[in-house]
Amino acid sequence: MNQSLEPALGILPLGRVGGEMIQAVAGAFAGEIGMALRVLPGLGPPAYAFDRHRIQYDAARIISRIESMDIDGCARVMALVDVDLFVPVFTFVFGEARQGGRVALVSLFRLESRPERAVKIALHEFGHLCMLDHCRESRCVMNFAKGLGQLDRVATYYCRYCLSQVNYMAGL
Ligand SMILES: [Zn+2]
Ligand SMILES: [Zn+2]
């Protein structure tokens, strides 16, 4: 018998992350992608990534830290944080992931406690983990959203093209 583990996605809360946010994100992946999900025990806020000049948290440092952790049985990790994130070229980001990487980040900080926004960002960043780039379909969740207005205009799902790529990659 082949006993190899399914490629699970771990959902990792960092800091104060409400249960409704975790449930919303977990539910979206269960519905949209159908891969095994594991909600991981939460960790403290990412104080190591605080930038005192920007008064924000460095997304790349958080991703590197989680990548260095040994998270049992999870092919990929979706971390949810309650702090404001930046990458050097943007004033803020809703989320971050390296294309083809193992760890994605979602910041709840600017979402005004709206779970469907967290779902969109999580699906978007997961698409990057699955090698997707931004999509030209205006409603596709892989369409790039700079602000809440644009985020609210995209759907909470992938277009057919992006979904087929995600389904293909999620199984690997
Ligand atoms: Zn993106
Ligand atoms: Zn698309």
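Two residues are in contact if their C-beta atoms, placed from the backbone, lie within 7 Å.

Figure 1. Of the contacts in the protein chain with a separation of 6 or more, 65% join residues 24 or more positions apart. Buried residues (20 or more other C-beta atoms within 10 Å of their own, the C-beta atoms being placed from the backbone) make up 38% of the 172 residues. This is a predicted model, in which local features need pLDDT of at least 70, side-chain atom pairs count only at pLDDT 80 or more, and totals for chains, interfaces and linings use all residues. Residues are numbered from 1 along each chain as its sequence is written, while chains are lettered from A and ligands numbered from 1 in the order in which they are written.

**Figure 2. Elements of the protein chain.** The chain has five helices and eight strands, taken as DSSP runs (helices H or I, at least four residues; strands E, at least two) and numbered from the N terminus. From that end the order is β-α-β-β-β-α-β-β-β-β-α-α-α.

**Figure 3. Packing of helix 1 against helix 3.** Helix 1 (residues 19-32) and helix 3 (residues 115-129) pack at an angle of about 50°, their axes 9 Å apart. Axes are lines fitted to C-alpha atoms over the stretch in contact, and angles run from 0 to 180 degrees between N-to-C directions. Helix 1 is therefore oblique to helix 3 (angles under 35 degrees count as roughly parallel, over 145 as roughly antiparallel, 65 to 115 as roughly perpendicular and the rest as oblique).

**Figure 4. Residues between helix 1 and helix 3.** Glu20, Met21, Ala24, Val25, Ala28 and Glu32 of helix 1 meet Pro115, Ala118, Val119, Ala122 and Leu123 of helix 3.

Definitions and conventions. A residue is buried if 20 or more other C-beta atoms lie within 10 Å of its own, exposed if 12 or fewer, and partly exposed in between; C-beta atoms are placed from the backbone.
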